[in-house]
Amino acid sequence: MMDAFNLQARLKERQQQHLYRQRRTLEGAQQPEVVLDGQRYLAFCSNDYLGLANDPRLKQSAIEAVRRYGVGSGASHLVSGHSAEHHALEEELAAFTGRQRALLFSTGYMANLGAISALLDDQSAVFEDRLNHASLLDAGLNSGARFQRYLHNDVDNLASRLGKATQSHKLVVTDGVFSMDGDVAPLNELAQLCHDQQAWLMVDDAHGFGVLGERGAGLVEACELDQQQVPVLMATLGKALGCAGAFIAGSETLIEALIQFARSYIYTTAMPPAVAAAGRQALSIVQQEPERRLHLQHLIRRFRHEAEVMGLTLMSSQTAIQPVLVGSAARAMALSASLLQQGIWVTAIRPPTVPAGMSRLRITLTAAHTDQQLDRLLHALERSWREVSDHD
């Protein structure tokens, strides 16, 4: 068959540039010690920040819900797929985040697409941080609104753009914790600017929810911002909460509007009720076991101190995402391969996920890791860094 889209050439080019992505097959639960393609490794590349993905309490909640509801939800929420577990989880998420209501989506990508597309039209303007998640950027580009990207975490650059906008409806969109850099958005400054410019602020707190804030309600809680200051709050259940899915939280009016106009909500089968049940259990654990967050913060401080002593180039992150900046894609791949040979699984992040010349090892720490496991990582990193540097 003729290769009308030049797929083979495009794939070969990506391989030559050391940018080719490959899947690895996990043969067990998501936890620090994993079996990967038949081999055992210590993993530092999961977003399971609180170590809940394999928690027996979540598994038991899911099992009990499967016995009651079966496996699939059977339909979209608006047809016949909205179960009591979904409804209870929405109410509990709303209460936890201090919002009037919350609305479940099957994935974070769909939550962002649904919310932004429902809010915007060709009479609107949307302003997004340059390092926002792809789902936010895609949603903004496809919304029909006037789309602009402002410099990363640069409130002055955003202010200049907002000041020149003539559209009647303006939406500012930012990640809370940036997934590849690990740094956080200046939410208090952004909220004040949006108030002054009569714009709405939307925060994707996928990587902060469950981890940051006094109660674990995320970066928005840590910044003490309410529903009026952050009208649209999105977070996921598949990271710190160890489950799957996502939600938008906000006012009664916002949630009702999303139910009516968010196509990625209306036309998608609801997540299985068992996943919602596990999410409810995870949310309870987040609130009852703050020691998980405290241990994670301890590991973050230890890692940063030891890595800086080793001379590694870290980024300005105080979160569970700890990128080690490498530079070239080839060097990042070589370091990842060297770590794998030592039984450590760390992912190399390369363009187009990050800019050219900014390839890195994306190390993620979780509350399930021990100090001894962190020591193994640090020793392996030091050895791999030396080996790869000797061959440069």
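A residue is called buried when its relative accessible area is under 20%, exposed when it is over 50%, and partly exposed in between (1.4 Å probe, protein chains only). This briefing applies that scale to a predicted model, in which local features need pLDDT of at least 70, side-chain atom pairs count only at pLDDT 80 or more, and totals for chains, interfaces and linings use all residues. Residues are numbered from 1 along each chain as its sequence is written, and side-chain values use heavy atoms, with hydrogens and water left out.

**Salt bridges**

- Side chains of opposite charge can pair when their charged atoms come close.
- With a salt bridge defined as a side-chain nitrogen of Lys or Arg within 4 Å of a carboxyl oxygen of Asp or Glu, the model contains 16 salt bridges.
- Arg215 and Glu221 form one of them, with 2.8 Å between the closest N and O atoms. Glu221 is buried at a relative accessible area of 19%, whereas Arg215, at 39%, is partly exposed.
- Glu308 pairs with Arg304, and their closest N and O atoms lie 3.7 Å apart. The two residues are four apart in helix H13 (residues 291-310), which means that about one helical turn separates them. Glu308 is partly exposed, with a relative accessible area of 47%, while Arg304 is buried at 12%.

**Helix H14**

- Helices (H or I, at least four residues) and strands (E, at least two) are DSSP runs numbered from the N terminus.
- Helix H14 covers residues 329-341, 13 residues in total, and spans 19 Å from its first C-alpha to its last. This is close to the 18 Å expected at 1.5 Å a residue, where the expected span is 1.5 Å times one less than the number of residues.
- Buried residues of H14 include Ala329, Arg331, Leu335 and Leu339.
- Gly343 follows H14 and has a positive phi, near 85 degrees.

**Sheet E1-E2-E11**

- Strands of a sheet pair through backbone hydrogen bonds, either parallel or antiparallel; here two strands count as paired if DSSP finds at least two bridges between them.
- An open sheet of three strands has the order E1-E2-E11, with mixed pairing. Its edge strands, E1 (33-36) and E11 (344-345), each pair on one side only.
- E1 and E2 (residues 39-43) run antiparallel and are joined by four bridges.
- Tyr41 in E2 stands opposite Val34.
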